[in-house]
Amino acid sequence: MSATYRRPALREAVSADSGRAARRPGNAGAGAVADPLARLDVLAAHLRTRGWTTYINTPAGRLASLFVQDPHHRAECGDILAAPDGTTGDWWYWFSWAERITPVHSPAKAADAIIAACQRPADGSLAPQAPQA
């Protein structure tokens with residue numbers, strides 16, 4: 001049985017000092033774990049300023065993910081990952097269905113894209129459909 005640990009995302013982005021420590025020689029293991037969490041925390045802060053609910057899942061043996069949910073329409077939710085692109089190694093935010101969102105250096109754009117995708121009608125159209133008479 002695997003346990004999933006949930007924690008609310010931090011209110012503030014992780015300090016620059018912790019990011020520097022993760023890049024120092026001898027801290028390769030720490031950087032591999034800390035980078036996705038720090039990047040998800042930054043994104044969570046941007047989504048919370050827009051009123052969305054966020055929390056980070058850290059299941060044993062799996063990638064950490066950010067659960068996001070529209071507070072007005074609870075069915076509009078999803079899981080977001082922060083991971084490097086397999087080809088270039090550049091870090092991106094990803095939807096759980098393996099669709100890239102934005103590079104991690106653009107968390108505000110990622111928050112906008114996540115909200116737009118979660119509020120998009122099921123048929124994939126960009127605008128809400130008017131009810132048929």
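Which backbone nitrogen does the side chain of aspartate 85 reach? Select aspartate 85 and you'll see that its side chain reaches the backbone nitrogen of threonine 87, at 2.7 Å. That side chain also reaches the backbone nitrogen of threonine 88, at 3.1 Å. Before moving on, note that this is a predicted model: local features need pLDDT of at least 70, side-chain atom pairs count only at pLDDT 80 or more, and totals for chains, interfaces and linings use all residues. Residues are numbered from 1 along each chain as its sequence is written, and side-chain values use heavy atoms, leaving out hydrogens and water.

Still on aspartate 85: you're in the loop between β4 (77-84) and β5 (91-95) (strands are DSSP runs of E, at least two residues, numbered from the N terminus). Aspartate 85 counts as buried because its relative accessibility is 11% (buried means under 20% relative accessible area, with a 1.4 Å probe and protein chains only). Leaving aside neighbours within four places in sequence, aspartate 85 is in contact with Asp90, Trp92, Trp94 and Arg100 (contact means heavy atoms within 4.5 Å).

Next, pick arginine 100. Its charged end sits over the ring of tryptophan 92, 4.1 Å from the centre (that needs CZ of Arg or NZ of Lys within 6 Å of the ring centre and within 35 degrees of the ring normal).

Last stop: serine 65, in strand β3 (residues 65-69). Serine 65 is buried too, at 9% relative accessibility. Beyond its neighbours within four places in sequence, the contacts of serine 65 include Leu40, Tyr55 and Asp79.

Notes:
Helix = DSSP H or I, 4+ residues; strand = E, 2+ residues; numbered from the N terminus. Buried < 20%, exposed > 50% of the residue type's maximum accessible area, 1.4 Å probe, protein only. Polar contact = N/O pair within 3.5 Å; in protein donor to acceptor, adjacent residues only side chain to side chain.
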